[in-house]
Amino acid sequence: MLIIHAADIHLDSPLAGLASRAGERASDLVGATRRAFTALVDHTIDIEASLLLIAGDLYDGDWRDFSTGLFFVSEMARLDRAGIWVGVIKGNHDAENQMTRSLTWPDNVKVFRSDRPETWVLKDLGVAVHGRSFPKRDVTENISLAYPDPAPGLLNIGMLHTAADGRPGHALYAPCSVPELVAKGYDYWALGHVHVRAVLNENPWIVFPGNLQGRHANETGSKGATVLTVDGHEITGVEHITLDVVRWEHIHVDLSGSEEYEDALARVRDALSDAVDTAEGRTLAARLTIGGNTPLHSELAGNLERTRAECLGIAEQVGGDVWLERVVLQTEDVAQTVSTDADAMAELLRTVDEIRSSRDEMSALRDELEHSLTKVPGRVRELADLKEVDDATLQAILEGAEATLRHRLLGVD
Ligand SMILES: [Mn+2]
């Protein structure tokens, strides 16, 4: 028997901030969560799994209309026709009190109650599933402690939306420890909430499958679900399967020692081409960072618009379906930095260094920038990725300004 464990589907997640930058790609990206979910249902049917478990955050939040729910109904109906059961718990994003709309699900779908943990016994499968939905977004107590004892003679699975003992970037909801989960005596803990796949324990299994589809540039790499192979009441295999339809990656290109513009472009092409191979035919959404110590620095940084356009041009040529979410230039030119100290250039570089190393100067710069930005329409700020002037953005702006000035001063004129 096969059981599929998925979590953090975030159906119809709006990919905030991204849609406006993505232009004509936007609908492709926004539709990715649905297409990945369809791939999950296809796979569940193809391998003739008996049970699909969804461990919270099936929805990204309250539905804007009924289309999200109707999509889910149609996918569940396909599983119903194939005789496949589905167990769902609600997480922080789709907690009971976050949802103002609801629909009646097909009979094969079991949604766990939110006021206390309960056990769902699937006699024919020899499985007992224990679970509890989030009643509200911020569940801060350890709800695993009240989960029922294992049912004797059955395979026992606990479904829990939790940050476990804390994971970077994830709110500490329903905290619990691995020893506490182990002590419950279940065979498998089907966790959700943490978007990076993680196997916390193997005997018994305690697994975060990760989210089904990356939603932004910080959710990189292969995404999917976990397949359990069950023999009698014993789990004999736990395997990650890839189901994402858009692959997010951070691509780093090192231009150290590169002296010719054509060579720099060739390195970018190689890196993009490798990433396309890794994406195996999926749309590749990539954040491209170009770094390293190179005499090309001033040329690249001095004309960022061209640098960016060259990268977009390469992306069009590498063979796959590639969208560059952002091009980040982090090159430097050490040789130039230590150049003569008697001229205007040295004065300029010193001034920039002084600003950079002074907390007061940096905060004055930030204030000035933020003041100027108040005159820019919100949508334009979003497009320019300047909604928030954080430290990294400020540094990047300063470096860009330095490179531009340097390029102008050293330029052929
Ligand atoms: Mn969550």
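**Before you start**

This is a predicted model, in which local features need pLDDT of at least 70 and side-chain atom pairs count only at pLDDT 80 or more, while totals for chains, interfaces and linings use all residues. Residues are numbered from 1 along each chain as its sequence is written.

**The whole chain**

Colour by secondary structure and you will find 13 helices and 15 strands. Helices (H or I, at least four residues) and strands (E, at least two) are DSSP runs, numbered from the N terminus. Of the 413 residues, 34% are buried, meaning that 20 or more other C-beta atoms, placed from the backbone, lie within 10 Å of the residue's own. Among contacts with a separation of 6 or more, 72% link residues 24 or more positions apart; a contact is a pair of residues whose C-beta atoms, placed from the backbone, lie within 7 Å.

**Two domains**

Now colour residues 2-242 as domain 1 and 246-410 as domain 2; such bounds come from an automatic or database domain assignment. The C-alpha centres of domain 1 and domain 2 are 39 Å apart. Where they meet, 14 residues of domain 1 are in contact with 14 residues of domain 2. Select helix H1 (18-22) and helix H2 (26-30): each supplies at least two residues of the side of domain 1 that touches domain 2. H1 gives the largest share of that side, 3 residues.

**Strand S1**

Next, select residues 2-6. This is strand S1, and 4 of its 5 residues are buried, so S1 is largely enclosed by the rest of the structure. Strands count as paired if DSSP finds at least two bridges between them. S1 has a partner in strand S11 (residues 224-231), antiparallel, over 4 bridges. Another partner is strand S2 (residues 51-55), parallel to S1 and joined to it by 4 bridges. Click on Ile4: it stands opposite Val227 in S11, and Ile4 also stands opposite Leu52 in S2.

**The nonpolar core**

Move along to Ile54. Leaving aside neighbours within four places in sequence, Ile54 is in contact with Ala6, Ala7, Ile9, Val86 and Val88. Together with Leu191, Ile54 has the most contacts inside the largest nonpolar core, a group of 86 residues. A core here is a set of buried Ala, Val, Leu, Ile, Met, Phe, Trp, Tyr and Cys residues joined through C-beta atoms within 7 Å. Helix H6 (residues 261-279) provides the largest share of this core, 7 residues. Domain 1 (2-242) and domain 2 (246-410) both give residues to the core, so it lies between them.

Finally, select the open sheet of 3 strands, with the order S13-S14-S15 and parallel pairing. Strand S13 (246-254) and strand S15 (322-332) are the edges, each pairing on one side only. Neighbouring strands of the sheet are turned by 10 degrees against each other on average, direction ignored. Between S13 and strand S14 (residues 283-293) there are 9 bridges, and His252 stands opposite Thr289 in S14.

Axes are lines fitted to C-alpha atoms, for helices over the stretch in contact, with angles from 0 to 180 degrees between N-to-C directions.

Conventions
A residue is buried if 20 or more other C-beta atoms lie within 10 Å of its own, exposed if 12 or fewer, and partly exposed in between; C-beta atoms are placed from the backbone. Two residues are in contact if their C-beta atoms, placed from the backbone, lie within 7 Å.
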